[in-house]
Amino acid sequence: MGHELGRLEDLPQDYRDDLKALNLVPLWPSLRAVLPPGTPTRATQAIHWPYATLKPLLLKAGELTPIEKAERRVLVLANPGHGLENMKASPAMYLGMQLLLPGEWAPSHRHTPNAVRMIVEGEGAYTTVDGEKCPMSRGDLILTPTGLWHEHGHDGTDPVVWLDVLDLPLVYYMEASYHINGTRQTVKQGSGDRAWTRAGVVPTQVFNRSDKRYPMLRYPWVDTRAALVNMADNEPDLDCVQVTYVNPETGTDAENILGFYALMLKPGQTLTLPARSPSQVFHLIEGGVDVGTCGKSFALVEADTCCAPGYEPVTLTNRSADQAAFVFIADESPLHRKLGVYETR
């Protein structure tokens with residue numbers, strides 16, 4: 001129905017005062033705002049965070065604030081559509097660029113939000129998650145799921161930077177966000193990225209499958225990149241060369257709320273992703289890519305990050321005619337599917 005609904009100011013002031021006194025609100029004046037026709041109202045803006053402009057400020061933070069005063073030295077990539085003070089990239093995604101300097105140790109803690117680390121640059125740092133020491137190299141994806149102890153250390157000689165992606169906005173909105181500090185972890189032998197290293201086979205000691213909720217915590221870029229290149233070589237007519245980071249035991253998404261993917265664009269390729277309900281974040285690992293969405297265009301170079309709201313198509317163009325480009329993508333698909341609102345238009 002297209003008729004106008006009654007407005008709040010149409011109601012007598014004494015009636016409105018009576019409602020307010022009893023903590024009551026009439027629905028009809030705000031009905032179209034919370035249930036708009038056809039497409040949701042979105043605060044998320046299409047925005048680009050160039051790493052070249054961000055990095056000097058992050059390094060300056062390293063000079064200004066010692067790790068003991070920061071615990072986690074991070075510059076938050078905030079979407080202005082949500083208000084910078086809310087520290088959101090999208091309704092369910094928080095992004096932060098984190099810096100760890102040589103010799104530093106970010107102490108052990110655990111928290112309710114799920115997190116991943118996409119390594120941007122540097123060598124010699126590591127994250128220990130639930131006793132598993134995960135080395136950090138560019139393009140690696142490291143999980144720190146809800147409730148697992150994790151800490152960061154650096155034995156190298158140069159700064160290490162990574163992109164944090166958390167479902168913090170959602171968990172905070174649910175009034176379920178908190179952390180607990182811990183002590184330095186004891187490192188265990190073995191690592192999931194070596195045990196679960198080939199598609200189609202999983203460890204089964206004496207026919208028993210792993211009971212770990214998150215059996216694989218580090219997804220090395222060298223393996224992910226090789227998988228994408230092999231796909232492109234094996235199926236040269238394939239338009240979209242993309243992989244999803246999954247739990248190797250179950251095949252489900254690597255974490256519960258956010259989805260993570262790696263995409264390869266062939267030399268000179270333009271790929272249009274359909275309008276889908278979840279917001280998306282794009283982080284360029286290798287190459288040069290133009291991202292078009294919402295009437296805006298962002299020229300991404302390596303280590304750049306951008307965000308696109310849901311319900312909008314996104315066009316990706318590899319600017320190189322000779323080299324492939326590789327993109328890391330995070331989105332809210334697992335959450336949307338669990339809620340039953342996932343949609344492709």
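Glutamate 104 and arginine 73: buried or exposed? Glutamate 104 is buried, and arginine 73 is buried too. Keep that pair in mind. One caution before we go on: this is a predicted model.

Let's take the salt bridges first. Side chains of opposite charge can pair when their charged atoms come close. A search of the whole structure turns up 16 salt bridges. The side chains of glutamate 104 and arginine 73 form one of them, at 2.7 Å from N to O. Glutamate 104 sits in the loop between β3 and β4 (105-111), and arginine 73 sits in the loop between α4 (67-70) and β2, so this pair ties together parts that are 31 residues apart in sequence.

Next pair: arginine 218 and aspartate 193. Their closest N and O atoms are 3.4 Å apart. Arginine 218 belongs to strand β12 and aspartate 193 to helix α6, so to speak two distant parts of the chain, 25 residues apart, linked by the pair. Both arginine 218 and aspartate 193 are buried. There is also a network: Arg138, Arg225, Glu286 and Glu302 are joined by salt bridges that share partners.

Now arginine 7. Its salt bridge is with glutamate 9, with 3.6 Å between the closest N and O atoms. Arginine 7 has 48% relative accessibility, so it counts as partly exposed.

On to the helices. Look at α3, residues 51-64. Which residues of α3 are buried? They are Tyr51, Leu54, Leu58, Ala61 and Gly62. Viewed down the axis of α3, these buried residues fall within an arc of 100°, so they line one face of the helix. The other side of α3 has Ala52, Thr53, Leu57, Glu63 and Leu64 exposed. What covers the buried residues of α3? The cover includes strands β1 (47-49), β2 (74-76), β3 (94-100), β5 (115-121) and β10 (160-166).

Compare helix α7, residues 221-234. It has 14 residues and reaches 20 Å from first C-alpha to last, close to the 20 Å expected at 1.5 Å a residue. Trp221, Thr224, Leu228 and Ala232 are buried in α7. Down the axis of α7, the buried residues fall within an arc of 75°, so they too line one face of their helix. The face turned away from that buried side carries Val222, Asp233 and Asn234, which are exposed. Cover for the buried residues of α7 includes β12 (218-219), β13 (241-244), β14 (259-265), β16 and β21 (325-331).

Now the surface. Tyr15, Leu27, Trp28, Val34 and Leu35 form a nonpolar patch, with about 530 Å² of accessible area together. Tyrosine 15 lies in helix α1, residues 13-21. With 37% relative accessibility, tyrosine 15 counts as partly exposed.

Serine 279 is in the loop between β15 (270-273) and β16 (280-286). Serine 279 counts as buried, at 4% relative accessibility. Its contacts beyond four places in sequence include Thr44, Ser90, Met93, Gly310 and Asp331.

Aspartate 130 has a positive phi of about 55°, although it is not a glycine. It lies in the loop between β6 (125-129) and β7 (132-135). Valine 206 is not a glycine either, and its phi is positive, near 50°. Valine 206 is in the loop between α6 (192-195) and β12. Valine 206 is exposed, at 70% relative accessible area.

Notes: Residues are numbered from 1 along each chain as its sequence is written. This is a predicted model: local features need pLDDT of at least 70, side-chain atom pairs count only at pLDDT 80 or more; totals for chains, interfaces and linings use all residues. Side-chain values use heavy atoms; hydrogens and water are left out. Buried means under 20% relative accessible area, exposed over 50%, partly exposed in between (1.4 Å probe, protein chains only). Helices (H or I, at least four residues) and strands (E, at least two) are DSSP runs, numbered from the N terminus. The arc is that of the directions from the helix axis to the C-beta atoms. Contact means heavy atoms within 4.5 Å. Patches are made of residues with over 30% relative accessible area and no salt bridge: like charges are joined within 9 Å, nonpolar side chains (Val, Leu, Ile, Met, Phe, Trp, Tyr) within 5 Å. Accessible areas come from the Shrake-Rupley method with a 1.4 Å probe; for residues, only the protein chains shown count as cover. A salt bridge is a side-chain nitrogen of Lys or Arg within 4 Å of a carboxyl oxygen of Asp or Glu. The expected span of a helix is 1.5 Å times one less than its number of residues.
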